[in-house]
Amino acid sequence: MRSRTPLQQLGILVALCLLALIVLWAMIEDYDVLFVLAEISHFTGTAVLVYKLLRVKSCAGLSLKTQELTAIFLAARLYCSFLMEFDVHTFLDLITLASTAWVIYTMRAPLKQTYTKELDSMKIYYVLVPCALLSLVAHPGTKHWIVNRVVWAFCVYLEAVSVLPQLRLMQNSKMVERVTSHYVFALGVSRFLSCAHWIFQLINGSSYLFKTLGSGLWPPMVLISEIVQTFILGDFCYYYVKSAIEGTGVMQLPTGVV
């Protein structure tokens, strides 16, 4: 794995994703379980951050902007969840939001001096504004109040790109501390499981996506958002696995990997 070309890396990544999809297809009958597993994976990643902040007493290498974007889309999703369908997803989002809020507080107050602000260089409105505009154009066609439908779409789009500031920070630093890499990898696993859910719905010939989410631009935009999230993190996950195989304590990212 040390001398793979970018094309070979992409081929390996695609092959591993296809293999994982086949395994999941054979093992899981209720595809909604994948959503629960995705949310558990996200919470696990956030719990890793909490562990790091408590034990290491440093937030170096973490993007405050990604944490804030995460809190925004989780709050939006909780708002929709309380109004539309209160279930286990609501509970998982609630504890993940609470953990994320604690991380934000810790980075802004007790550990502010260790925050590498100069590396966290992506402007947050570069992410927020396009998501807000897109949500006005493509949102669910359900019978809910239009504001709720737009908020729902906004949280889907924002979730897809909320990790970008963290990836930019890692690109700027070139080296990623192990605990931080665990967090980002957990996000990658979460996105893959969520994407697998929608892929299986289509493969199975189910019209659930269209019946539940409406018609028009919204259903394909949901799928595109899930795929975008998966591929945004896919390259990082490749180097995460590569680093784990080589047994290095710190990940080194080539220029342009994210």
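Q: Hi! Leaving out residues up to four places away in sequence, what does Ile 124 touch?
A: Hello! Ile 124 touches Lys 65, Glu 68 and Leu 69 on that count. Keep in mind that this is a predicted model.

Q: Where does Ile 124 lie?
A: Ile 124 is in the loop between α4 (88–108) and α5 (125–137).

Q: And is Ile 124 buried, partly exposed or exposed?
A: Partly exposed, because its relative accessible area is 24%, and buried would need under 20%.

Q: Switching to helices: how do the axes of α2 and α4 sit relative to each other?
A: The axis of α2 (residues 32–56) comes within 9 Å of the α4 axis, and they cross at roughly 20°. That angle is under 35 degrees, so α2 counts as roughly parallel to α4.

Q: Which hand does the crossing have, left or right?
A: α2 passes α4 in a left-handed crossing.

Q: Which residues meet there?
A: From α2 they include Phe 35, Ile 40, Phe 43 and Leu 53, and on the α4 side they include Leu 92, Ile 95, Trp 102 and Val 103. By class, the contact has 13 nonpolar, 7 polar and 3 charged residues.

Q: Last one: which residues of α7 are buried?
A: In α7 (residues 164–173), Pro 165, Gln 166, Leu 167, Leu 169, Met 170 and Gln 171 are buried. Just after that helix, Lys 174 has a positive phi of about 70°.

How values were computed
Residues are numbered from 1 along each chain as its sequence is written. This is a predicted model: local features need pLDDT of at least 70, side-chain atom pairs count only at pLDDT 80 or more; totals for chains, interfaces and linings use all residues. Side-chain values use heavy atoms; hydrogens and water are left out. Buried means under 20% relative accessible area, exposed over 50%, partly exposed in between (1.4 Å probe, protein chains only). Helices (H or I, at least four residues) and strands (E, at least two) are DSSP runs, numbered from the N terminus. Contact means heavy atoms within 4.5 Å. Axes are lines fitted to C-alpha atoms, for helices over the stretch in contact, and angles run from 0 to 180 degrees between N-to-C directions. Angles under 35 degrees count as roughly parallel, over 145 as roughly antiparallel, 65 to 115 as roughly perpendicular and the rest as oblique. A crossing is left-handed if the near helix is turned anticlockwise from the far one by less than a right angle, and right-handed if clockwise. Ala, Val, Leu, Ile, Met, Phe, Trp, Tyr, Cys and Pro count as nonpolar, Asp, Glu, Lys and Arg as charged, and the others, Gly among them, as polar.
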